[in-house]
Amino acid sequence: MNLTIKKGAVLKLKTPCLVIGVFEGKLKGDLLQQLDQGIDRALSRAVKSKEFSGRKGESLLFHVGRKLVAERVLLWGLGKEKGYDLRALRQAASAIAKLLADKQLGSFMFALPQTPTKKITLDGKVQAAAEGFLLADYRYERYLPQDRAGRPAQLDKVALLIDDKESKSVAESAVRKAEAIASGVCFARDLVNAPGNEKSPEFLAMQAIGMAEKLGIKATLLNRKKLEQQGFGAMLGVAQGSKRDPYLIVLEYRGGTGDEKPIALVGKGVVFDAGGISLKPSEGMDEMKMDMGGAAAVFGTIMAVAGLKLPINLVAVVPAVENMPSGTAIRPGDILTSLSGKTIEVLNTDAEGRLILADALTFVGRFEPRVVIDVATLTGAVIIGLGNQAAAVLGNHDGLIRQLIKAGERSGERLWQLPLWGEYAEQIKSDFADVKNVGGRPAGTITAAAFLQKFADDYTWAHLDIAGMAWEGKGKAGQPKGGTGYGVRLLTEYLCGMSQ
Ligand code: BES
Ligand code: MN
Ligand code: ZN
């Protein structure tokens, strides 16, 4: 898709379709007045006959003959002006893209709505709309024929129309930013959508290395032998049930000064989570190919950051394994010695994410990071608590948590904090080892984080449990069924803030 910024008089714009957002009951404003006059008051008549009123998601598409230079006009209802925000704009852009692509209209021009509030800046507006279009254009069609009947059009030429008084260069750099972020999100979605038969830990490693090589990011792999030599006992314990070799994947982006301590991202990379000997029920098990959603988010973020050339140093660490039941798998009751030296009693082999993260969190300490953020599809409990609207954030530093929540609001990828009071650690005390890997039913998301904290308390750390966010089960505008790439927009926004 070719995304550009345009200025100009509405009656003279050449485009297959001119898209105009209208607030509910607000058919005033220069643009709409000009347009209405240009098309013999067709707009006023449509409003009068109650065909269109600007209610959220409402649309009216019509040909305009030779009245305008544009061939068609799409009026799009933005809903109430009060409370309108970038989240709504991003969603509107995605919904518009879907409607037009379904009608095989891949090229159009979108007049950015003029909003009275000062809170909405030009760059924010352009970025949100551009992200809405770019993300709506995503498909995973690797295993589908290209010439399917009824296939919606891919977006081709999309222009964003800004006001004459607004700065074109500010708007253009916001488009570049949206493009870098969207490529990271789409890379993450592709990784999550890849089926388990294709997606071995090695596949994940090769995808990460391929991306890193293109962008000049340093990549290192630790294979099974190296992991054994160095004592990654918890990670190897999970991996031992699978025929596929585990890998620790390390990417290092250096955009900052040489001596600057890096920010570190750690992503859970379970390419398929069958549960191990504590086998999961078969219903819905197919979705467990998404158990590397944290890894995907971390890779997508480093890709976006490199695309934006942010002046920071960033490290990404991903433990990649497969959790399978077999004659060589770990058993409930087994005790593993982690890289940190701490021993772990494994009471449920399906609580494997925290085991591999324990070793990854210990390992990442070697980089002397100023901040560590881990991202993981860690617990089903977070879906019970928050559903599919927000990821949980927990950690040992309130300032970091606050910054992440803010970045979540700005990017549209929401976070909600859960407490991590010391008392919760009582639930993971073991009779036979330093810690056990399950804490019972109450507060499952928190006790998982309390477990991680035992391996992350030497540095400033936050944990994001994205189990409810990494996968879209139904599909909606801007987000087809499948991997979401959740975390890329949030983390990139956080890192943009850190680099200022
Ligand atoms: N990968 C799952 C968590 C998950 C559940 C992710 C649903 C996405 C959707 C994780 O490894 C897991 O199995 N967690 C267990 C932990 C329990 C055994 C303590 C869970 O949440 O049931
Ligand atoms: Mn599991
Ligand atoms: Zn898992």
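The structure is a predicted model, in which local features need pLDDT of at least 70, side-chain atom pairs count only at pLDDT 80 or more, and totals for chains, interfaces and linings use all residues. Residues are numbered from 1 along each chain as its sequence is written, chains are lettered from A and ligands numbered from 1 in the order in which they are written, and side-chain values use heavy atoms, with hydrogens and water left out.

Domain 1 gives 14 residues to the contact and domain 2 gives 19; contact means heavy atoms within 4.5 Å.

Helices and strands are DSSP runs, numbered from the N terminus (helices H or I, at least four residues; strands E, at least two). Helix H4 (residues 122-136) crosses H5 at roughly 35°, and their axes come within 8 Å. Axes are lines fitted to C-alpha atoms, for helices over the stretch in contact, and angles run from 0 to 180 degrees between N-to-C directions. The contact of H4 with H5 has 14 nonpolar, 1 polar and 5 charged residues. Here Ala, Val, Leu, Ile, Met, Phe, Trp, Tyr, Cys and Pro count as nonpolar, Asp, Glu, Lys and Arg as charged, and the others, Gly among them, as polar. Residues of H4 in this contact include Leu-122, Val-126 and Ala-130.

Helix H10 (residues 353-364) packs against helix H13 (residues 444-456) at about 25°, with the axes 8 Å apart. H10 is therefore roughly parallel to H13 (angles under 35 degrees count as roughly parallel). Arg-354, Leu-355, Leu-357, Ala-358, Leu-361 and Thr-362 of H10 meet Ala-448, Phe-451, Leu-452, Phe-455 and Ala-456 of H13. By class, these are 9 nonpolar, 1 polar and 1 charged residues.

Glu-166 sits in the loop between strand E6 (157-161) and helix H5 (168-193). Its relative accessibility is 16%, so Glu-166 counts as buried (buried is under 20% relative accessible area, exposed over 50%, partly exposed in between; 1.4 Å probe, protein chains only). Beyond its neighbours within four places in sequence, Glu-166 contacts Lys-7, Gln-114, Leu-122 and Lys-125.

Ala-425 lies in the loop between strand E16 (415-417) and strand E17 (435-436). Ala-425 is partly exposed, at 22% relative accessible area. Residues up to four places away in sequence aside, Ala-425 touches Ala-450 and Lys-454. The C-alpha atoms of Ala-425 and Ala-448 are separated by 9.5 Å, with the two residues 23 apart along the chain.

Definitions and conventions
Angles under 35 degrees count as roughly parallel, over 145 as roughly antiparallel, 65 to 115 as roughly perpendicular and the rest as oblique.
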